[in-house]
Amino acid sequence: MKILVICSENYAESDSPLARAIGSLVSAYRRWGAKVLGFSPYFSQLPHSSDSKIGRKFIEKLGNREYSVLRCTTCEDDLFIQYENYFGRSGIYGNGTEKTYNDNHLRFSFLASAALKCCIEMDFKPDAIHVHEWGGVAGAIAKTVYKDFFGGIPVVLTTHNIHYDYHCSPDDIPIIGLPPKGFDIDGYEFWGKVSMLKAAMLYSDKVIFTSANYLSYLLSTDLQGGMRGFLESQKGKLYSIQSGLDYSSWNLPNDAEEFKCKKKESLRTELGLAADSGMLMYAHLDANSGSTAQVISTILANLLNLDLQLAIGISENNRNFPYFAAIQEKHHDKIALLPLIENDESLYQRLSAADVFLSTDSSEPSLSLFLKASATGTLHISNRRSQKPFLYSIPYDPNADESLIKTNSFVATESSPDMILEQVRIAESIFREKKSLWSKLVKNASSVRVSWDDTAKNYLLLLGSESL
């Protein structure tokens with residue numbers, strides 16, 4: 001199967017969450033035998049981890065602009081679009097003084113147009129076009145400006161986070177290659193402006209969300225600007241495929257219990273927490289964690305009276321930081337604050353040291369933190385998410401036969417603080433009084449596996465690959 005991939009970030013080199021995810025998926029596609037031609041911008045002012053070869057020059061159709069195509073030396077099927085006016089800047093989407101560049105719609109529609117034109121010149125006719133975030137405008141351009149070559153080829157859009165949208169003036173509709181007839185309340189119009197996200201969804205044949213729970217959450221939550229109604233109108237093309245993990249780095253050694261004990265001891269020393277035999281709980285309060293912060297704030301006095309210690313990953317810019325910092329000052333032996341990080345290696349150290357991971361938020365798109373916690377043998381404490389638990393959760397059942405128990409999590413029927421607190425108490429009690437049972441639960445958690453090969457296989461099945 002031949003697949004064209006278009007990404008707004010350099011997935012072959014960058015270490016951002018989006019680039020890592022797409023790079024992992026592209027690699028998995030190739031392991032399954034698919035021929036993938038991938039395009040991303042060449043950001044000349046950003047560091048590059050590999051060399052690139054100067055390629056040919058082309059002229060795209062939207063604005064008849066000349067650009068160059070560079071080949072990555074580590075994989076000649078990973079190509080970069082070089083155009084200094086758009087991609088020779090200090091940032092990908094914006095710089096330090098400007099939240100976003102005001103011409104991002106032009107920059108990334110150009111990327112899509114340039115990638116499509118290059119495919120034509122190389123006579124690469126894919127079986128499917130897989131686009132991500134900003135690259136989603138390629139669906140419309142392929143069906144209009146380049147329809148003679150790409151007509152009938154399915155376009156699949158992966159929406160990694162529905163909040164990553166950008167709006168531009170309707171005056172730019174012809175410039176970015178959108179069909180004018182789609183600019184209405186049922187199409188890509190958003191409060192009189194163009195919604196690039198809605199346009200990407202409208203002109204894609206399938207729209208993929210990165211977890212079943214995220215899609216369920218979006219379809220049961222009021223979203224800004226009537227986006228929920230738009231999603232419901234597109235429901236026939238909405239799917240979910242769970243994003244995977246790279247288990248070469250997310251795993252536990254054979255001596256899992258001893259390993260986790262050493263990691264816990266090391267983290268406690270680093271944080272200034274007293275050596276303790278009690279349970280260590282970790283919470284990661286990022287931009288998607290409003291509910292978790294509220295729950296912890298409500299039950300914090302109760303938590304401080306339990307035989308556990310609480311480590312919280314949180315940015316100083318988080319509005320809840322002053323509150324938790326004040327509590328930490330009074331209870332430094334029970335609670336510690338860590339800087340919020342995206343780095344996987346540091347996150348691995350935290351999660352492998354923790355016994356439980358607390359989160360009650362439904363809005364993390366791929367729920368990757370749950371998979372990462374499980375991979376490190378850390379049981380998560382959560383609530384049912386959009387009327388159902390995380391797809392890979394097996395909640396604790398006190399009536400289950402302990403010799404056959406498959407529990408890997410503690411899940412409250414609601415996200416109310418009292419119910420979450422009850423799950424914490426159950427977990428703490430088992431950890432303290434039933435060591436053999438806890439060891440089994442840790443083993444159950446670490447056996448949860450959703451690899452990028454699994455993710456790629458599900459995409460290929462959805463795309464109708466005949467090679468599987």
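**Pockets and one buried glutamate**

Trainee: Which helix gives the most to the lining of the largest pocket?
Mentor: This is a predicted model, where local features need pLDDT of at least 70, side-chain atom pairs need 80 or more, and totals for chains, interfaces and linings use all residues. Residues are numbered from 1 along each chain as its sequence is written, and side-chain values use heavy atoms, without hydrogens and water. Helices (DSSP runs of H or I, at least four residues) are numbered from the N terminus. Five lining residues come from the top contributor, helix 1.

Trainee: How much space lies in the largest pocket?
Mentor: A pocket is an open set of points on a 1 Å grid over the protein atoms alone, where a 1.4 Å probe fits, with protein on both sides within 12 Å along at least five of seven lines. Lining residues have an atom within 4 Å of a point. Here 44 residues line the largest pocket, with Ser16, Pro17, Leu18, Tyr164 and Glu342 nearest its centre. The space in the largest pocket is about 1,400 Å³.

Trainee: Which helix supplies the largest share of the second largest pocket's lining?
Mentor: The second largest pocket holds about 360 Å³. Of its 18 lining residues, Glu257, Cys261, Lys264, Asp355 and Phe431 are closest to the centre. Two or more residues come from helix 15 (435-446) and also from helix 9 (256-271). Seven residues, the largest share, come from helix 9.

Trainee: Is Glu428 buried or exposed?
Mentor: Glu428 sits in helix 14 (residues 417-433). Buried means under 20% relative accessible area, exposed over 50%. Glu428 has 4% relative accessibility, so it counts as buried.

How values were computed: Buried < 20%, exposed > 50% of the residue type's maximum accessible area, 1.4 Å probe, protein only. Points joined across faces, edges and corners; volume = space filled by probe spheres on them.
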